[in-house]
Amino acid sequence: MTRHFTLPAAETRLRKLARQRILMMDGAMGTMIQALGMGEADYAGQGCGCGHHSDQPQKGNNDLLNLTQPQAIEEIHFDFAMAGADIVETNTFSSTSIAQADYGLEGAVHDLNAEGARIARRACDRATAIDGRERFVAGALGPTNRTASLSPDVNDPGFRAVSFDDLRIAYGQQIRGLIGGGVDLILIETIFDTLNAKAAIFAAFEVFGETGTPLPLMISGTITDASGRTLSGQTPTAFWHSVMHARPLTVGLNCALGASAMRPHLAELAGVADTLTCAYPNAGLPNEFGAYDEGPEDTADQIADFAREGLVNVVGGCCGTTPDHIRAIADAVVDHPPRTLP
Ligand SMILES: [Zn+2]
């Protein structure tokens, strides 16, 4: 007997909206959190009752704030939603047992994801109650801090710090938490190693098999050098061929380079991918202090060029982008039609 999956409800609604206009993602969570200047006590949240504490320092563990400072995270999501985001990303970029091992918080992974999803949902619902626009919560999966296809040891090129199965299991646990918290989509982002992304895709389909409810996937790679390849050495076209089996709702690029440097790689992807394209660059390249100083209008002008050239269906911002950037980008693309699929 053949099993027929119907398209998930969120996918049907998103595809319909995407035929009408360019959709908006939100901006960066990490740099917004940095701007709050929180210290160790704020991160670790002594006495918050969340039940997940370790002896290791937690400052910089941004995802832990889902449990220790949920109000602060909700306000950032809310500000992005009100700035025009249709799709809001959960604050769960590093919420795998692999990434949380650095902080001794592997045991917190389910709660980090489930709460991350609930917080984003609450922020979106508040925004929708104000302006009536529907918003979608995308459960964010980062690449982890280990790569399955390259050796971190120059003297031992065959060594791998993590296996496909380690990643598959860790991503599966993360995705179950995100779905438990009510996400509409799964976003696999900042992919520099396609093998890591394939483990995430595999895990997503495993979990969809368990729940019986597939969610739309968004897949976003990152170009890490001027030659236009991902860190694991793929061109945008090769990257698309590696992930197209997942039939993602969107494929695209985020982070790393600013918008102008991303343009030729995005154009290549837009020429080959028979699905929606998505681009959310950083606010330029980081300066010598690691900060991003490209202003909202500047980023918006470059993304407006993507729209004018018919390269994009979904746009937003990565590192260094604020609600003002998202508002400016939304204004800049509003009069341009969405890309038509090849
Ligand atoms: Zn980024």
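Where does Cys 319 lie? Cys 319 is in the loop between β8 (314-315) and α13; helices (H or I, at least four residues) and strands (E, at least two) are DSSP runs, numbered from the N terminus.

This is a predicted model, in which local features need pLDDT of at least 70 and side-chain atom pairs count only at pLDDT 80 or more, while totals for chains, interfaces and linings use all residues. Residues are numbered from 1 along each chain as its sequence is written.

UniProt, in an unreviewed entry, places the feature "binding site" at Cys 255, Cys 318 and Cys 319; such annotations may be inferred rather than shown by experiment. These residues span 65 residues in sequence, but no two of their C-alpha atoms are more than 6.4 Å apart, so they gather at one spot. Cys 255 belongs to strand β6 (residues 250-258).

The table covers two of these cysteines. A residue is buried if 20 or more other C-beta atoms, placed from the backbone, lie within 10 Å of its own. Contact requires C-beta atoms, placed from the backbone, within 7 Å.

| Residue | Other C-beta atoms within 10 Å | State |
|---|---|---|
| Cys 255 | 21 C-beta atoms | buried |

Not counting residues up to four places away in sequence, Cys 255 touches Thr 190, Thr 222, Asn 282, Cys 318 and Cys 319. With the neighbours within four places left aside, the contacts of Cys 319 include Cys 255, Asn 282 and Tyr 292.

Val 315, leaving aside its neighbours within four places in sequence, has contacts that include Ile 303, Phe 306, Ile 329 and Val 333.

Conventions:
Two residues are in contact if their C-beta atoms, placed from the backbone, lie within 7 Å. A residue is buried if 20 or more other C-beta atoms lie within 10 Å of its own, exposed if 12 or fewer, and partly exposed in between; C-beta atoms are placed from the backbone.
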